[in-house]
Amino acid sequence: MADMNRVWRLRKRPVGVIGDDVLSFDQEPVPEPADGQFLMRMNYLSLDPTNRIWMSDMDQYMPPVGIGEAMRGVVCGTVVESKHPDFAQGDIVSGLGSWAEYQIGTPGMLNKMGPLGGVAVADAFGLFAVVGPTAYFGLMDLGTPKAGETVVVSAAAGAVGSIVGQIAKIQGCRAVGLAGSDAKCKWIVDELGFDAAINYKTEDVAAALKKACPNGIDIYFDNVGGDILDACFKQMNLFGRIPTCGLISQYNATAEVPGPKNYPMILMQRLKVQGFIVLDYAARYPEAITALGGWMQQGKLKFRVDMHEGLEHAVSTLRKLYTGENQGKLMVKVS
Ligand SMILES: NC(=O)c1ccc[n+]([C@@H]2O[C@H](COP(=O)([O-])OP(=O)(O)OC[C@H]3O[C@@H](n4cnc5c(N)ncnc54)[C@H](OP(=O)(O)O)[C@@H]3O)[C@@H](O)[C@H]2O)c1
């Protein structure tokens, strides 16, 4: 085991795109676990759009990361030393940790990963830690899809969106995805089985939605907010549902973001718009994992990990989420 640790610490709040000076990459002594703790060496760091929220001090669902603190992240790693009776050297754990090669773990924050049933650790971590349960509960609990309905999802070739569209198909719905390149649109239709895809960067979104959703939209699974949300509002069916999962189009905003122009549609069409955070569903994770794992085994669900090497590249890799350069679940391989 190395003597020195490598840790990303937050140095200032980002303004706009996360600059190179927002975090520092420091060398520090490896921490010592106390009784009841263990030491984990990180294998994979999940990079998530919400990392940008945690760096900021906007109103949010958890305390922001403090200036000088190690950056918070969703992590997966191997126990290298344990002073907790339930954890042994070699156990694979995942959960909420920090952007550090070595870190102290306690049960509750970092938990043992269940049997992987032949699935690679990176795939299981990528699908089950955040993305899969987010797609599953957001669509199934808040969207309440019924066979024959039309489900539209934004950031559809991304980690959450790609799963949402596939679950919609499994539920017998029409799945329509919005994505930012022709290659992504082709992938979700040809490989994932979406019924239609719209390149929101090159097409007239309102006209394309009308064509792709001849019976209107019953569920819009919102990953982005902004203009796409507005366009979808206009074509929602009576008693439609909008699970608000994310607002990535405005995470880097430097000025106040205007509200949706088509907000009156909530009243006119009696829409149900509800935000959610996947942590709200922590107690029900096994349900999502069973369903998603089963669909994977049956060949009904595909999942793509976009792996990059090196903790030292975490910040530049994270930025890919906000430019659409990621091709699936973005992750860094640390060791
Ligand atoms: N509520 C929760 O608990 C929860 C949990 C996980 C994730 N989320 C949210 O879910 C969303 C997707 O997260 P993810 O982890 O699956 O990331 P992801 O979709 O794999 O990556 C983000 C994607 O967003 C798209 N994007 C970036 N800027 C955009 C813009 N201005 N307008 C439209 N699309 C834009 C890009 O795809 P294109 O090339 O298509 O533009 C990019 O690839 C995020 O908003 C995230 O915050 C919420």
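**Notes on the model**

1. Ala155 sits in the loop that runs between β8 (150-153) and α3; helices (H or I, at least four residues) and strands (E, at least two) are DSSP runs, numbered from the N terminus. The model is a predicted one, in which local features need pLDDT of at least 70, side-chain atom pairs count only at pLDDT 80 or more, and totals for chains, interfaces and linings use all residues. Residue numbers start from 1 along each chain as its sequence is written.

2. The phi angle of Ala155 is near 45°, a positive value in a residue other than glycine. Most residues other than glycine have a negative phi. Ala155 is buried because 29 other C-beta atoms lie within 10 Å. The cut-offs are 20 or more other C-beta atoms within 10 Å for buried, 12 or fewer for exposed, and partly exposed in between, with C-beta atoms placed from the backbone.

3. Arg270 also has a positive phi, near 50°. This residue is in the loop between α7 (265-268) and β13 (272-275). Arg270 counts as exposed, because it has 12 C-beta neighbours inside 10 Å.

4. Gln60 belongs to the loop between α1 (50-55) and β4 (72-82). It counts as exposed, with 12 C-beta neighbours inside 10 Å. From Gln60 to Thr50 the C-alpha to C-alpha distance is 9.8 Å, at ten residues apart in sequence.

5. On the chain as a whole, there are ten helices and 15 strands. The radius of gyration is 20 Å, which agrees with the value near 20 Å for a compact globule of 335 residues; it is taken over C-alpha atoms, and the globule rule is 2.2 Å times the number of residues to the power 0.38. The C-alpha trace spans about 60 × 45 × 35 Å along its principal axes. Of the 335 residues, 43% count as buried.

6. The chain is divided into domain 1 (4-113 + 304-333) and domain 2 (127-280), with bounds that come from an automatic or database domain assignment. Their C-alpha centres lie 28 Å apart. Across the boundary, 16 residues of domain 1 are in contact with 13 residues of domain 2, where contact means C-beta atoms, placed from the backbone, within 7 Å. The side of domain 1 that touches domain 2 has seven nonpolar, six polar and three charged residues. Here Ala, Val, Leu, Ile, Met, Phe, Trp, Tyr, Cys and Pro count as nonpolar, Asp, Glu, Lys and Arg as charged, and the others, Gly among them, as polar.

7. Which residues touch the most other members of the largest nonpolar core? They are Leu45, Val152, Ala156, Val164, Ile188 and Cys232, out of 93 residues. Helix α2 (residues 121-143) gives the most to this core, with eleven residues. Domain 1 and domain 2 both give residues to this core, so it lies between them. A nonpolar core is a set of buried Ala, Val, Leu, Ile, Met, Phe, Trp, Tyr and Cys residues joined through C-beta atoms within 7 Å.

8. Of the 30 residues around the ligand, Gly158, Ala159, Gly180, Gly246 and Gly324 come nearest; a residue is near if its C-beta atom, placed from the backbone, lies within 6 Å. The elements giving two or more residues to this shell are α2, α3 (159-170) and α10 (320-323). By class, the shell has 17 nonpolar, eleven polar and two charged residues. Each of domain 1 and domain 2 supplies at least three residues to the shell.

Methods. Contact = placed C-beta atoms within 7 Å.
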